[in-house]
Amino acid sequence: AFLREKGFLDLVRSIPDVVSRQPVAKFIFTGDSSHNFEWEEAQRLVGEHELTSYVEFREVASGRKKTKLFSEADIFVLPSWNEGQPLVLLEAMSAGLPIISTDVGAIAETLSEGENAVFVGKRDLSDIAEALVKLIGNGDLRRRMGKASRDIYLQSFTAEEFGQRLKVVFEETLQMAGES
C-alpha cells in the first residue's frame with residue numbers, strides 16, 4: 001500500500017528538487033491504491049508540480065512482474081519512518097540495487113552505509129533528494145553499490161545462508177538451556 005509511514009509522500013515531495021537537477025530521473029511507485037488517502041495525495045502533488053512525465057504509479061506487482069520491475073530499476077528507495085525488517089530491502093539487494101533508506105528498525109543491520117546504501121534522515125526531503133541526485137549522477141557509484149547489495153545478499157540473506165544462521169542460534173540456545 002502507499003503508506004505515509006513508508007515515507008511514500010516524502011519521496012514524492014522530493015521529486016521536484018530531484019528532477020530540477022537530474023531531469024533524466026523517472027520514478028515508478030507500486031502498491032495497493034484502493035481507498036488510500038496517500039495515493040490520492042500523491043496524485044494531486046504530481047499534477048500540481050507537473051511531474052506526470054517523471055512519475056508512474058502502478059498497482060501491486062508480484063512474481064515475475066515484481067522481478068521485472070526490480071531488474072529495470074537503477075535505485076531502490078524506502079524512506080520509511082518505522083520498520084522492523086522489510087522484506088522488500090532483501091528483494092532490492094537480491095536484484096543488485098543501490099538503496100536509499102532511513103536508518104530505522106533493523107534496516108541498519110541489513111544495509112551498510114556507503115557500501116550498498118545511503119541513509120537519509122526520516123522525513124528529510126532534502127536528504128532524500130540529495131541522495132537521489134548523487135546516485136543518479138554517478139553511474140559508477142550506482143553500479144558499485146548495486147554489486148555490494150547483491151554480494152551482501154548472497155553472503156548473508158539467501159534461504160540457505162539464513163537457515164544456517166538460524167541453526168546456529170538454535171544450537172546456542174539449546175546449549176545454554178542444557179547448562180542451566
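User: In what order do the elements of the chain run from the N terminus on?

Analyst: This is a predicted model, in which local features need pLDDT of at least 70, side-chain atom pairs count only at pLDDT 80 or more, and totals for chains, interfaces and linings use all residues. Residues are numbered from 1 along each chain as its sequence is written, and side-chain values use heavy atoms, with hydrogens and water left out. Helices (H or I, at least four residues) and strands (E, at least two) are DSSP runs numbered from the N terminus, and the chain holds eight helices and five strands. Their order is α-β-α-β-α-β-α-β-α-β-α-α-α.

User: What percentage of the residues in the chain is buried?

Analyst: Buried means under 20% relative accessible area, exposed over 50%, and partly exposed in between (1.4 Å probe, protein chains only). The chain has 180 residues, and the buried share of them is 43%.

User: Which elements do the buried residues of helix 6 pack against?

Analyst: Helix 6 covers residues 125–136. Its buried residues are Ile128, Ala129, Ala131, Leu132, Val133, Leu135 and Ile136. With contact meaning heavy atoms within 4.5 Å, these residues pack against helix 1 (8–21), strand 1 (27–30), strand 3 (76–78), strand 4 (99–102), strand 5 (117–120) and helix 7 (139–156).

User: How far does helix 6 reach from its first C-alpha to its last?

Analyst: The expected span of a helix is 1.5 Å times one less than its number of residues. Helix 6 has 12 residues, for which 16 Å is expected, and its reach is close to that, at 16 Å.

User: Is glutamate 50 buried or exposed?

Analyst: Glutamate 50 is found in the loop between helix 2 (37–48) and strand 2 (55–58). Although it is not a glycine, glutamate 50 has a positive phi of about 55°. Its relative accessibility is 66%, so glutamate 50 counts as exposed.

User: What is the phi of arginine 123?

Analyst: Arginine 123 lies in the loop between strand 5 and helix 6. Because its relative accessibility is 52%, arginine 123 counts as exposed. It is not a glycine, yet its phi is positive, at about 65°.

User: What distance separates the C-alpha atoms of serine 71 and alanine 92?

Analyst: Serine 71 has its place in helix 3 (residues 63–72). With a relative accessible area of 55%, serine 71 is exposed. Serine 71 and alanine 92 are 21 residues apart along the chain, and their C-alpha atoms are separated by 9.1 Å.
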